[in-house]
Amino acid sequence: ARRHGGVFVLRIEDTDTERSSWPMVQGIIDGLRWLGLDWDEGPDVGGPHAPYFQSQRLDRHRALAMRLVETGHGYYCYCTPDEIKERRGAAEKAEGGWQYDRRCLHLDAAEITRREAAGMPRAIRFKVPAGQTGFHDLVHGDIAFDGANIEDFIVLRSDGNPTYHLSVVADDLDMAITHVVRGDDHISNTPKQVLLYRAFEAAVPQFAHVPLILGPDKKRLSKRHGATSVTEYERQGYLPEAMVNFLALLGWSPGGDREVFTRDELVENFTLEGISGGNAVFNPEKLDWFNGQHIARMAADAIVTRIEPQLREAGLWRDAYAGGDARRGLAGIVELLKPRARKLADFVTYGQPLLADQVTYDPDAVAKRLSEPGLDGHVAELRAALAELPVFDAASVEQVLRGVAEARGVKAGVLIHAVRVALTGQTVSPGLFEMVEAMGRDRTFARLDALVTFLRER
């Protein structure tokens, strides 16, 4: 829709009451909003073709079903489900296959009048014409179905509720839909809907059936493959930009080897011709890679804005982070962590030692990095020398540290490793000197003082 300057209509098809509820609808809307797939017409937006809930358009659906009867394209069916079940069972037992036998199509006018007068429950079926029903699919090309293999399908149930085929065609007509892009599993539905458009003497929309998304085991995506709710990926720390990029490339290729695209670049490059015919596999590891790529390209300050809720939940947010030097310091830490981060939650996990009021030393780090004789004196001397720095930046800190190490006759690595444990409690961290600069004087000195105390008391 965006590629061609079209109108994107969001319609909630909620006529199946057992599978429709407001939480489900809200999940759809919230998921699309988070992904940035904003609609031009639909719920919360309105538009010239309202209402956008099928359940609010039932009178229109019923009127069109009656029109089919009036024009000879449909007929009343008084067969009960039990009767159909019995006839189907008998036919399958004898012949191995069955479709509706058109028993009610052959009722004469008098019998129909009698049954109507008696108030007998009845559905409305569409009378499928003989011959081929074909359409041109924008992905698969020309597709045709033999009418002999399509039974006279129900368009209005005996309880007065329309079926899917009638509802979508009626709403497509009323909403002036020109293109329908949907999953491959709908291909078998399309000839029935094409017949309905023609029965209503309406133009048939262009159809494009796209690959289904499968799990790594090549089976339909389900909970066993991980999260299947869009909003669950938001909670897990994925960026909507990365999710859209990843999903767009499932079954579609712009050509070439490039994989990372912004939303605007996807709009500019997208064509239906680039969609492959085979099903697409949802690879969680690939999604993580996309997320890491988009995180790496995002400004650190923008990431700070995104992770503020997680930092608050973890008790790591400070009001000072709203702006000024503290904000720049936090952005500096985020910048250091970007190469390691695959999800937004990683900034909280990896940043926790840098942002918490106190740090806990990992026992392995203590045993491996804090056993040098006289280390407390080396660290105390370093702390004193750093306090004299007029500019507290990475280059100056490194110069001072190496100078103190040389003056005290130890390798620079001894102090580097000790400072890393002091600041993070771990043996591994982002670049040490850049980390010291990002943490700032006060927090760095507080942690060096705590390390000196620890070394002298143990």
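# Helix packing and buried side chains in a predicted model

The backbone oxygen of R420 lies 2.8 Å from a polar atom of the side chain of T424, a polar contact in the sense of a pair of N or O atoms within 3.5 Å, where within protein one must be able to donate a hydrogen and the other to accept it, and residues adjacent in sequence count only if both atoms are side-chain atoms. The model is predicted, and local features need pLDDT of at least 70, side-chain atom pairs count only at pLDDT 80 or more, and totals for chains, interfaces and linings use all residues. Residues are numbered from 1 along each chain as its sequence is written, while side-chain values use heavy atoms, with hydrogens and water left out.

- T424 lies in helix α17, residues 412–424, where helices (H or I, at least four residues) and strands (E, at least two) are DSSP runs numbered from the N terminus.
- With a relative accessible area of 4%, T424 is buried, given that buried means under 20% relative accessible area, exposed over 50% and partly exposed in between, for a 1.4 Å probe and protein chains only.
- A polar atom of the T424 side chain also lies 3.0 Å from the backbone nitrogen of Q426.
- Leaving aside neighbours within four places in sequence, T424 is in contact with P353, L354, V359, T360, S429 and M435, contact meaning heavy atoms within 4.5 Å.

**Packing of α12 and α18**

- The axes of helix α12 (residues 324–337) and helix α18 (residues 432–457) come within 7 Å and cross at roughly 155°, the axes being lines fitted to C-alpha atoms, for helices over the stretch in contact, with angles that run from 0 to 180 degrees between N-to-C directions.
- The two helices α12 and α18 are therefore roughly antiparallel to each other, since angles under 35 degrees count as roughly parallel, over 145 as roughly antiparallel, 65 to 115 as roughly perpendicular and the rest as oblique.
- On the α12 side the contact is made by G329, G332, I333 and L336, and on the α18 side by E434, M435, A438 and M439.
- These contact residues of α12 and α18 divide into five nonpolar, two polar and one charged, where Ala, Val, Leu, Ile, Met, Phe, Trp, Tyr, Cys and Pro count as nonpolar, Asp, Glu, Lys and Arg as charged, and the others, Gly among them, as polar.

- The contact involves Y164, H165, L166, V168, V169, D172 and L173 of α5 together with K192, Q193, L196 and Y197 of α6, which by class gives seven nonpolar, two polar and two charged residues.
- R198 is found in α6, residues 190–199, and counts as partly exposed at 44% relative accessibility.

**Buried positions elsewhere**

- D152 lies in the loop between β4 (141–146) and β5 (154–156), and is buried with a relative accessible area of 2%.
- The backbone nitrogen of V128 lies 3.0 Å from a polar atom of the D152 side chain, and V128 is among the residues that D152 touches, together with Y75, Y100, R102, R125, F126 and K127, not counting residues up to four places away in sequence.
- In helix α8 (residues 240–248), P240, A242, M243, V244, N245 and F246 are buried, and the buried residues of α8 pack against helices including α1 (22–35) and α10 (284–297).
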